[in-house]
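These notebook entries record what I looked up in the structure shown below.

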Amino acid sequence: SAMMLHWLQDKGGGKPITLMGGGTTRVGDPSGKDETRQILTVDQINANKKSIKGVFKRFVHFGKGKTDALMADNAKWLTKLNYIEMLRDVGRHFSVNRMLSMDSVKLRLDRDQEMSFIEFNYMILQSYDFVQLARQHGCNLQMGGSDQWGNIVMGVDLGRRMGTHQLFALTTPLLTTASGAKMGKTAAGAVWLNANQFSSYDYWQYWRNTEDADVVRFLKLFTTLPMSEIGKLAALQGQEINEAKKILANEATALLHKRTAAKKAAETARKTFEEGVVSQTLPTFEVKRQELEDGYGILTANVAVGFVTSNGEARRQIKSGGLRVNDVIVTDEKMVLTFSELTPEGVIKLSFGKKRHVLLKPV
């Protein structure tokens, strides 16, 4: 979605509106989910909004100009709604029959998975958001992933019924890799856009590990390189494809984390994999000195740094030879890390496979 807004502004001359769900987050969106979304507190929502705005600033330019992006928050109008007026002015335009036929609802019901009434109302609120954006900001188009098609189309219809100008919908397929894996997933979980949740080095590595068949497509979607340059990279064959992957990693990381961070990540990777040294610019995880004195369990360590999500998954990785300490394969799930494992640089290098590394640093 962020890249869609980027291209809308950069190439299409449009004005992006990034809508924060300060109101709908208090309800939860059932689209494509099997379980009820956790209801967040107002403080949590405000913290998330601030963080999200920081991410969007990397992709679109905010300001007061004609094509400058603006950030809206649906809490502005949703939290002021009177329930009776909402039923009378908005709810009367919705058919329960049609709402039940939407995939976001139908799939949950077909699986006999509970959907609360508050979630059932989500599509009404999202539709009303579109109407308000049209009225307040002249918004013409709502964009999103294909899982949002039903909600967006209902917004288009609500706008017609409530007297707005003609509204439009544009959705894109949910991206998958050539092997069918969902974009944004790694062996250890989601790829976050915030550096404090997923370091710029890990982000760089994510793109560097792109499957061969996806490189050109991702260069077109997730970088701002000219098509002529991408065309040259598309001609690379064999091992030369790795150079295209590095360019993809550099450009995608520079867009999100700035060029300096991308260069730093690339240099860290070069030192780590080409020179085989412990680079101090690898992601660092602090561990209390007392824990190393007592013996820091290898299972606990790999869960803590985010390589795996559970001790059971860590055990499976050890059995398959996927975890290493200071480049030595771990074979004992009962292994404990102590000060004896510290390298001359004063850290312990944990590795997941060949591409992911973290330095444990005692504090």
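Entry 1. I use "buried" for a residue with under 20% relative accessible area, "exposed" for one over 50%, and "partly exposed" for one in between. The model I consulted is predicted. I looked up Asp 202 under this rule: its relative accessibility is 10%, so Asp 202 counts as buried. I then asked which residue Asp 202 meets in a salt bridge. The partner is the side chain of Arg 356, at 3.7 Å from N to O. This pair links distant parts of the chain, since Arg 356 belongs to strand S13 (residues 356-362) and Asp 202 to helix H10, 154 residues apart. Arg 356 has a relative accessible area of 15% and is therefore buried as well.

**Entry 2. The chain as a whole.** I noted the overall values next. The chain has 17 helices and 13 strands. Its C-alpha trace spans about 70 × 50 × 35 Å along the principal axes. Of the 363 residues, 43% are buried. The accessible surface comes to about 19400 Å², and carbon and sulfur atoms account for 52% of that surface. I also recorded the contacts between residues at least 6 apart in sequence: 69% of them join residues at least 24 apart.

**Entry 3. Further salt bridges.** I recorded a count of 17 salt bridges. One of them pairs Arg 98 with Asp 157, where the closest N and O atoms are 3.7 Å apart. Here too the pair links distant parts of the chain: Arg 98 is in helix H5 (residues 96-101) and Asp 157 in helix H9 (residues 149-161), 59 residues apart. Arg 98, with a relative accessible area of 31%, is partly exposed, whereas Asp 157, at 16%, is buried.

I then turned to Glu 243, which forms a salt bridge with Lys 246, the closest N and O atoms lying 3.6 Å apart. How far apart are Glu 243 and Lys 246 in helix H13? They are 3 residues apart, which means that about one helical turn separates them. Glu 243 is partly exposed at a relative accessible area of 43%, and Lys 246 is partly exposed at 25%. For networks, I found that salt bridges with shared partners join Arg 98, Asp 157, Arg 160 and Arg 161 into one.

**Entry 4. Packing of H10 and H13.** Two packed helices are described by the angle between their axes and the distance between the axes. I looked up both values for helix H10 (residues 200-208) and helix H13 (residues 241-257): the axes come within 8 Å and cross at roughly 140 degrees. The crossing of H10 past H13 is right-handed. On the H10 side the contacting residues are Ser 200, Tyr 203, Trp 204, Trp 207 and Arg 208. The residues they meet in H13 include Lys 245, Leu 248, Ala 249, Ala 252, Thr 253 and Leu 256. Lys 246 of H13 is also in this set, and Lys 246 is the salt-bridge partner of Glu 243.

**Entry 5. Lys 361 in strand S13.** I returned to strand S13 and looked up Lys 361, which is found there. Its relative accessibility is 40%, so Lys 361 counts as partly exposed. Leaving aside residues up to four places away in sequence, Lys 361 touches Thr 284, Phe 285, Glu 286, Val 287 and Val 347. The C-alpha atoms of Lys 361 and Lys 349 are separated by 9.0 Å, and these two residues are 12 apart along the chain.

**Entry 6. A nonpolar surface patch.** I asked which residues make the nonpolar surface patch of about 470 Å². They are Tyr 83, Ile 84, Leu 87 and Phe 117. Helix H4 (residues 83-89) contributes the largest share, 3 residues. Ile 84 lies in helix H4 and, with a relative accessible area of 59%, is exposed.

**Entry 7. Positive phi outside glycine.** I noted two such residues. Lys 258 has a positive phi of about 85 degrees although it is not a glycine. Lys 258 is located in the loop between H13 and helix H14 (259-275) and is exposed, at a relative accessible area of 52%. Asn 326 has a positive phi near 50 degrees. The loop between strand S9 (323-325) and strand S10 (328-329) holds Asn 326, which is partly exposed at 23% relative accessibility.

Note on methods. Residues are numbered from 1 along each chain as its sequence is written. This is a predicted model: local features need pLDDT of at least 70, side-chain atom pairs count only at pLDDT 80 or more; totals for chains, interfaces and linings use all residues. Side-chain values use heavy atoms; hydrogens and water are left out. Patches are made of residues with over 30% relative accessible area and no salt bridge: like charges are joined within 9 Å, nonpolar side chains (Val, Leu, Ile, Met, Phe, Trp, Tyr) within 5 Å. Accessible areas come from the Shrake-Rupley method with a 1.4 Å probe; for residues, only the protein chains shown count as cover. A salt bridge is a side-chain nitrogen of Lys or Arg within 4 Å of a carboxyl oxygen of Asp or Glu. Helices (H or I, at least four residues) and strands (E, at least two) are DSSP runs, numbered from the N terminus. Buried means under 20% relative accessible area, exposed over 50%, partly exposed in between (1.4 Å probe, protein chains only). Axes are lines fitted to C-alpha atoms, for helices over the stretch in contact, and angles run from 0 to 180 degrees between N-to-C directions. A crossing is left-handed if the near helix is turned anticlockwise from the far one by less than a right angle, and right-handed if clockwise. Contact means heavy atoms within 4.5 Å.
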